[in-house]
Amino acid sequence: MEVIHLLMNFLIPPIVIILILVVFPIYFLYTIVHSFIRSFTMEDMNQKVVLITGASSGIGECLAYEYAKRGARLALVARRETMLKEVAKKARAMGSPDVIISCADVANSDHCKRFVEETISHFGRLDHLVNNAGISSSFYFEEASNISNAVPVMNVNYWGSVYATHFALPHIKKTKGKIAANTSSSAWLYGPDMCMYSASKAAMMNFYETLRIELGPAVTITTVSLGFVESEMIDGKHIGLDGKVVMDLSRKDAVAHFFPILKAKESARLIVDGVCRGDRDVTDPSWLRALYLCKVFVPEILEWFMRLMFMAVVRRMESFQIKNGIQAKKDF
């Protein structure tokens, strides 16, 4: 057995490199042609049924409006009823022929089962499931006295998507529908002081990439990797060290200072376009793909760069906190 592994260690790498050099140009040409063709065969969403979690604000809200413009019938899920009702009202005005809302917590399996059943009971079908609900966390791992305070991050981001997918999958298969998952660029891009959030998104991405292989062409799965987009997270809303949701205005100031913030409306349009085309993934902004290549080929350089950016962001946050009389989080 050891001899076999030695032979594989010796033979497999050069064989793979040769195959990549031979196949990549052909594959690259195929993807261009295929993408061009799919742009003319985008799914017509008129009267189709779309279930969106985390639909009361931010990206989820804009996704509801984008689907509404395309004539889709909507099932909107979030915890805040008043905000959901307002989004539903606007979605109807934008063209959705029918909208229902369901107040639910995706971290609760029973809630997920209920809102899927309500959707099927009302519409009789389900074409798209958009797993968008999520919550951020921000703390330094070494400072956490009770790491279990971060459990809600995994419960909402990962298990919330798994629960919804589990109950919706039989119905999605009947319509040969689609699943979209907002996995975030944090699933593969380093995010210091957001390790638990990044871990939850990485788990989410690996789940859907594995599920894609299990299901094959029966269900189309699109993973979404976004940068900084207008949302409550960008406004500084996150779970802190004590496990409670807080609003950190210094984070919003630092992010806006160093990074371009994407418009949620435009990101939503790109996401829905990608899902309707049947894309494997949607990345916005597209330059994030270059960072992914850096992660694969020069990870040490990317880590060094991210560390520099991290320290710059921390200094900006501390400056904001001192200026506004807020206690700084940590001295670097």
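Which residues of β5 lie on one side and which on the other, and are they buried or exposed?

1. Basis. This is a predicted model, in which local features need pLDDT of at least 70 and side-chain atom pairs count only at pLDDT 80 or more, while totals for chains, interfaces and linings use all residues. Residues are numbered from 1 along each chain as its sequence is written, and side-chain values use heavy atoms, with hydrogens and water left out.

2. Strand β5. Lys178, Ala180 and Asn182 are on one side of β5, Ile179 and Ala181 are on the other, and all are buried (under 20% relative accessible area; exposed is over 50% and partly exposed lies in between, with a 1.4 Å probe and protein chains only). Because five of the five residues of β5 (residues 178-182) are buried, the strand is largely enclosed by the rest of the structure. Strands and helices here are DSSP runs numbered from the N terminus: E of at least two residues for strands, H or I of at least four for helices. In a regular strand the side chains alternate between the two faces of the sheet.

3. The sheet. Seven strands form an open sheet with parallel pairing, in the order β3-β2-β1-β4-β5-β6-β9; two strands pair if DSSP finds at least two bridges between them. The edges are β3 (99-103) and β9 (281-284), each with a single partner strand, so one side of each has no neighbour in the sheet. From one strand to the next the twist averages 15°, with axes fitted to C-alpha atoms, for helices over the stretch in contact, and angles between N-to-C directions running from 0 to 180 degrees.

4. Helices on the sheet. α2 packs on the sheet and touches β1 (49-53), β2 (73-78), β4, β5 and β6 (220-226), its direction making about 170° with that of β1; contact means heavy atoms within 4.5 Å. Helix α8 (residues 264-277) also packs on the sheet, where it touches β4, β5, β6 and β9, and its direction makes about 160° with that of β9.

5. Strand pairs. β4 (residues 128-131) and β5 pair in the parallel sense over four bridges, and Leu129 has Ile179 in β5 as its bridge partner. β1 and β2 run parallel and are joined by five bridges, with Val50 opposite Leu74 in β2. In β1, Val49, Leu51 and Thr53 point one way and Val50 and Ile52 the other, and all are buried.

6. Helix α2. The twelve residues of α2 (residues 58-69) reach 17 Å from first C-alpha to last, close to the 16 Å expected at 1.5 Å a residue; the expected span is 1.5 Å times one less than the number of residues. Eleven of the twelve residues are buried, including Glu61 and Glu66. Just after α2, Gly71 has a positive phi of about 85°.

7. Helices α4 and α5. The axes of α4 (residues 109-123) and α5 (residues 151-174) come within 9 Å and cross at roughly 35°.

8. Met154. This residue is in helix α5 and counts as partly exposed because its relative accessibility is 28%. Its C-alpha atom is 7.5 Å from that of Tyr197, 43 residues apart along the chain. Not counting residues up to four places away in sequence, Met154 touches Trp159, Ala199, Ser200 and Ala203.
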